[in-house]
Amino acid sequence: MKLSKNARRARIHNRIRKIVSGTAERPRLSVFRSNKEIYAQVIDDVSGKTIVAASSRDKEISAEKGSKSEIAALVGKAVAEKAVKAGVTTISFDRGGALYHGRIKSLADGAREGGLKF
């Protein structure tokens, strides 16, 4: 039996989440990609709190023009700048079951540019 795309992604995501967990010193950068938008949040899983978040729906980012990959890079930069302001420099990257390619890779590169280490 062939799994649907969403079921396959959910299975991969669960496999990743067994390993990747965010702490106060090294929170998790979680990425969710829909067909239109991309969302990123830095999460401390121990306390269960989101430290910072950014998405392609934020006012300053949605005003920008460009391809979805270019917008993803801007989201990565934005979440990195907010995280550095909040005192976070190293993170664990959680690609959310999506392949590390395209928009996910652009977001990660943007976050690295913004000053995050992972």
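**Close-up views of a predicted model**

**View 1. Tyr-100 and Phe-93 pair through their aromatic rings.** Tyr-100 is partly exposed, with a computed relative accessible area of 34% (buried means under 20% relative accessible area, exposed over 50% and partly exposed in between, with a 1.4 Å probe and protein chains only). The model is predicted, and local features are therefore reported at pLDDT of at least 70 and side-chain atom pairs at pLDDT 80 or more, whereas totals for chains, interfaces and linings use all residues. Residues are numbered from 1 along each chain as its sequence is written, and side-chain values rest on heavy atoms, with hydrogens and water left out. The count of aromatic pairs comes to 3 (rings of Phe, Tyr and the six-membered ring of Trp pair if their centres lie within 6.5 Å; planes under 30 degrees apart are stacked, over 60 edge-to-face, the rest tilted). Among them is the edge-to-face pair of Phe-93 and Tyr-100, with 6.0 Å centre to centre and 90 degrees between the planes. Phe-93, at 16% relative accessibility, counts as buried.

**View 2. Phe-118 stacks on Phe-93.** Phe-118 is partly exposed, with a relative accessible area of 29%. Ring pairs join Phe-93, Tyr-100 and Phe-118 into a cluster. Over the face of Phe-118 lies Arg-112, at 4.3 Å from the ring centre (the rule asks for NZ of Lys or CZ of Arg within 6 Å of the ring centre and within 35 degrees of the ring normal).

**View 3. Asp-45 forms salt bridges with Arg-17 and with Arg-28.** A search of the whole structure finds 7 salt bridges (a side-chain nitrogen of Lys or Arg within 4 Å of a carboxyl oxygen of Asp or Glu). The side chains of Arg-17 and Asp-45 meet at 3.7 Å, N to O. Because Arg-17 lies in helix H1 (residues 5–19) and Asp-45 in the loop between strand S2 (38–44) and strand S3 (49–55), this pair ties together parts that are 28 residues apart in sequence. Arg-17 is partly exposed, at 27% relative accessibility, and Asp-45 is also partly exposed, with a relative accessible area of 23%. In the pairing of Asp-45 with Arg-28, the closest N and O atoms are 2.8 Å apart; this second bridge likewise links distant parts of the chain, from the loop between S2 and S3 to strand S1, 17 residues apart. Arg-28 counts as buried, at 7% relative accessibility. A network of salt bridges links Arg-17, Arg-28, Asp-45 and Asp-94.

**View 4. Lys-105 and Asp-109 form a salt bridge within helix H4.** The two side chains meet at 3.6 Å, N to O, and the residues stand 4 apart in the helix, about one turn. Lys-105 is partly exposed at 37% relative accessibility, and Asp-109 is partly exposed at 31%.

**View 5. Residues of strand S1 give the largest share of the lining of the largest cavity.** The whole structure holds 1 cavity of 30 Å³ or more (on a 1 Å grid over the protein atoms alone, a set of points where a 1.4 Å probe fits but cannot get out, lined by residues with an atom within 4 Å of a point). The volume of the largest cavity is about 40 Å³. The residues lining this cavity are Arg-9, Val-31, Phe-32, Arg-33, Arg-95, Gly-96 and Ala-98, and strand S1 (residues 28–33) supplies 3 residues of the lining.

**View 6. Glu-60 is exposed and sits in helix H2.** Helix H2 covers residues 59–62, and Glu-60 has a relative accessible area of 52% there. Glu-60 and Gly-87 are 27 residues apart in sequence, and their C-alpha atoms are 22 Å apart in space.

Notes. Helix = DSSP H or I, 4+ residues; strand = E, 2+ residues; numbered from the N terminus. 1 Å grid on protein atoms, 1.4 Å probe; cavity = no way out; pocket = protein on both sides within 12 Å on 5 of 7 lines; lining within 4 Å. Points joined across faces, edges and corners; volume = space filled by probe spheres on them.
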